[in-house]
Amino acid sequence: MSFKNKVVIVTGASSGIGAATAILFSKEGANVAMVGRNEQKLNNVAKQCAAVGNTPLVIRADVANDNDARRIVNDTLKTFGRLDVLVNNAGVVQYGTILDGKVLEAYDKIMAINLRAVVHITMLAAPHLVNSKGNIVNVSSVAAQMHVTPPFMSYCTSKAGLDHFTRGCALELAEKGVRVNAISPGPVETDIIENSGSTAEATAAAVQTPLGRVSQSEEIADLIIYVASDKSVGITGSVIVTDNGMMLKK
Ligand SMILES: NC(=O)c1ccc[n+]([C@@H]2O[C@H](COP(=O)([O-])OP(=O)(O)OC[C@H]3O[C@@H](n4cnc5c(N)ncnc54)[C@H](OP(=O)(O)O)[C@@H]3O)[C@@H](O)[C@H]2O)c1
């Protein structure tokens, strides 16, 4: 699955699934634009990319900031001259329920990063993807299709919106030869809970899967790359689940 001469933007590439995806795309020959806010973590991942492939472009940016979003696409085009794949992966968790009074704060933050930023960056990137007949992979979650625990409700809502946005984009862009898909992992061993300033206890119930395991970021990266590759020419508008059987319990 060579991505030689292809240009890929991976948002949220400083950690977890995005980091594994940036490294794997680099290994497959792509020029990768890595996006995140934590420069030190980005640089650490960039070194791992460079060790297996091309040196990536590091873009320190907040996807929810409109100027930063424009800079992500512009800098990628300025540096590499084209865009073939957009991986909308950056995401956060924040707890909040209706009765604890924190749902609105969580909703506003999560929707800005997990959904509005995806809509914005997709809009900015789309003309370049039309030119290259490229594709988009959105990183969703099984939380879009099942509620995990009440404090996750805004996160689940954002991912449900992301799944439907994926389908809408796929429908609009199909006639231009651009594919759009979502990958929906179940629990993956990353720092997402810690990175969101929360503790792991609230998620303990979420990691009970029929296969008795949680995924590793590299497994999700493998699937992202498969869906982004020419092997998947017929796949668009799909939400592809990789959850160790978690959805069987819904
Ligand atoms: N881990 C799981 O169990 C799981 C399951 C299903 C779906 N997912 C989804 O997978 C994606 C990646 O999550 P992960 O588990 O790999 O978590 P992670 O290790 O916390 O990575 C999240 C990434 O998003 C970036 N990010 C967050 N807010 C950002 C912002 N405003 N602007 C730019 N970058 C931002 C973070 O970078 P900086 O901190 O440097 O900004 C980091 O690189 C998310 O969309 C998540 O919802 C995760």
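**Cavity, pockets and ligand**

Tutor: Helix H4 provides the largest share of the lining of the largest cavity, namely four residues. The model is a predicted one, and a search of the whole structure finds one cavity of 30 Å³ or more. The space within the largest cavity amounts to about 30 Å³. Its lining consists of Thr-11, Val-63, Asn-88, Asn-89, Ala-90, Ile-113, Ala-117, Val-118 and Ile-121. By class, the lining of the cavity has six nonpolar and three polar residues, with no charged residue.

The open space comes next. The largest pocket has a volume of about 1100 Å³. Its lining is made up of 48 residues, and those that lie nearest its centre are Gly-91, Val-93, Thr-190, Ile-192 and Ile-193. H6 gives the most to the lining of the largest pocket, with four residues. In terms of class, the pocket lining comprises 24 nonpolar, 16 polar and eight charged residues.

The second largest pocket holds about 220 Å³ of space. It is lined by 17 residues, of which Lys-6, Asn-135, Ala-228, Ser-229 and Asp-230 are the closest to its centre. Here the lining divides into five nonpolar, six polar and six charged residues.

The ligand sits in the largest pocket, and the elements that give two or more residues to the shell around it are H1, H5 and H6. That shell contains 30 residues, with Ser-15, Arg-37, Asn-89, Tyr-155 and Thr-190 coming nearest to the ligand. Divided by class, the shell has 13 nonpolar, 13 polar and four charged residues.

Through its backbone, Gly-12 places an N or O atom 3.0 Å from an oxygen atom of the ligand. The side chain of Asp-62 has an N or O atom 2.8 Å from a nitrogen atom of the ligand. At Tyr-155, a polar side-chain atom lies 2.5 Å from a ligand oxygen atom. On its own, the ligand has 880 Å² of accessible area, and the protein covers 94% of that area.

Key
Residues numbered from 1 in each chain as written. Predicted model: local features only at pLDDT ≥ 70, side-chain atom pairs only at ≥ 80, totals over all residues. Heavy atoms only, no water. 1 Å grid on protein atoms, 1.4 Å probe; cavity = no way out; pocket = protein on both sides within 12 Å on 5 of 7 lines; lining within 4 Å. Points joined across faces, edges and corners; volume = space filled by probe spheres on them. Nonpolar A, V, L, I, M, F, W, Y, C, P; charged D, E, K, R; others polar. Near = heavy atom within 4 Å. Polar contact = N/O pair within 3.5 Å; in protein donor to acceptor, adjacent residues only side chain to side chain. Areas by Shrake-Rupley, 256 points an atom, 1.4 Å probe, with all protein chains shown as cover. Sits in = over half its atoms within 2 Å of the grid points.
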